[in-house]
Amino acid sequence: MSNTILVGMADFKVGKTPDKLMTAGLGSCIGVCIYDLQSQVGGMAHIMLPSSGDNMKGNAAKYADSCIELLLKDLYRLGANRIRLKAKMAGGAQMFSFTGKTPLLKIGERNAEAVEQELKKAGIPLLAYDIGGTFGRTINFNIKTGDLHIKTISHGEKVI
Amino acid sequence: MEISAIRLEALKEIGNIGSGHAATSLSNMLQTRIDMAVPKVWLVPLERLSEALGQMDAMKTALYLKVEGDAPGKAMFVLSVESAEIIAKKLLYMTAPPEIHIDEMAQSALREVGNILVSSFVIALTEFSGILLQPSTPALAIDMIGAMIDAVLLEEGKVDDSILIIDTKLSGLDEMEGKFLYIPDEGSLDKLLGVFGL
């Protein structure tokens, strides 16, 4: 039986075929999927901020750097092979625009860059991404096929 | 972060005072009776935010105002698209509900609703507590609630592991139903509760 595992904000989960992984309502956050098709294992993280920095406290799954590290550990535990790992990501939007305010922290963009950087550091190829815009995304990852299904309200659906 | 039962009660009271005023001004604006539920106070970890907000990819209309001053926070009025259209229709004396996605007049009317709601909330809090607060200009979005809340929470580039939300349900005017949310910033809690000597 196929089972959809829900990933909350600042959260990550791993699974095996036929599991699917899903996170709903990504705004400036990033949903990143890392998977090994041959071992049929995969994981998804819902990352909120670029870097834990020096004063890392609390939930490590909030940050790109510390979360990806944790996700990789769990993937290896499930039998993923480092050299076969691939990644896809989506999210990183700018949701509200304010006028007459100090320049907005482009948190969505910075999140995307941070995740890309962490993947590069870990030597994991980023095969596809759907980043930016001003709209939310719900993503659904099929561990069996490596397909990442992206749903939006006013900008259609796609599979990357 | 943990919160004692007595502090929780005090936060509900803050919700009562502020949202009560907000509900009254909404009622005046729409010339109709508005019902207000007893405020709920949530202290939820980020990963379980859907317990407070419902399905994170449900489409909603949200008005967002940042509250600045001595005890800063974030105020949101979240309602279904239909509810937003009902309000705009009433305010603009329209014969049919507008298409909120594209109708700029309707969007502008709703921003004004956000303005008045949050201003009355803030004025009530200031009168009661003496804490000076100032709302920003309202922003409006129609999208997945999860996506809008994450953008609001991350605006300053940092976020706590748990989020405190004062949540008040407002309803009336046919099927109109909305949630008024107030999210005090991390350091604001002690200031707000200090008013109660807590």
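**Figure 1. The open sheet of chain A.** In this predicted model, 5 strands of chain A form an open sheet with mixed pairing, in the order β2-β5-β4-β6-β7, where strands are DSSP runs of E with at least two residues, numbered from the N terminus, and two of them pair if DSSP finds at least two bridges between them. At the edges lie β2 (11-16) and β7 (126-131) of chain A, each of which pairs on one side only. From one strand to the next the twist averages 10°, an angle taken between N-to-C directions of lines fitted to C-alpha atoms, on a scale from 0 to 180 degrees.

**Figure 2. Strands β6 and β7 of chain A.** Strand β6 (residues 86-91) of chain A pairs with β7(A) in the parallel sense over 5 bridges, and A:G91 stands opposite A:I131 in β7(A).

Figure 3. With a disulfide defined as a pair of cysteine sulfur atoms within 2.5 Å, the count over all chains comes to 0. The sulfur of A:C29 is too far for a bond, because the closest cysteine sulfur, in A:C67, is 11 Å away. A:C33 is likewise in no disulfide, the nearest cysteine sulfur, that of A:C67, being 12 Å away. A:C29 is buried, at 0% relative accessible area, and A:C33 also counts as buried at 0%, the term meaning under 20% relative accessible area with a 1.4 Å probe and protein chains only.

**Notes.** Residues are numbered from 1 along each chain as its sequence is written, and chains are lettered from A in the order in which they are written. Local features need pLDDT of at least 70 and side-chain atom pairs count only at pLDDT 80 or more, while totals for chains, interfaces and linings use all residues, and side-chain values use heavy atoms, with hydrogens and water left out.

Methods. Helices (H or I, at least four residues) and strands (E, at least two) are DSSP runs, numbered from the N terminus. Buried means under 20% relative accessible area, exposed over 50%, partly exposed in between (1.4 Å probe, protein chains only).
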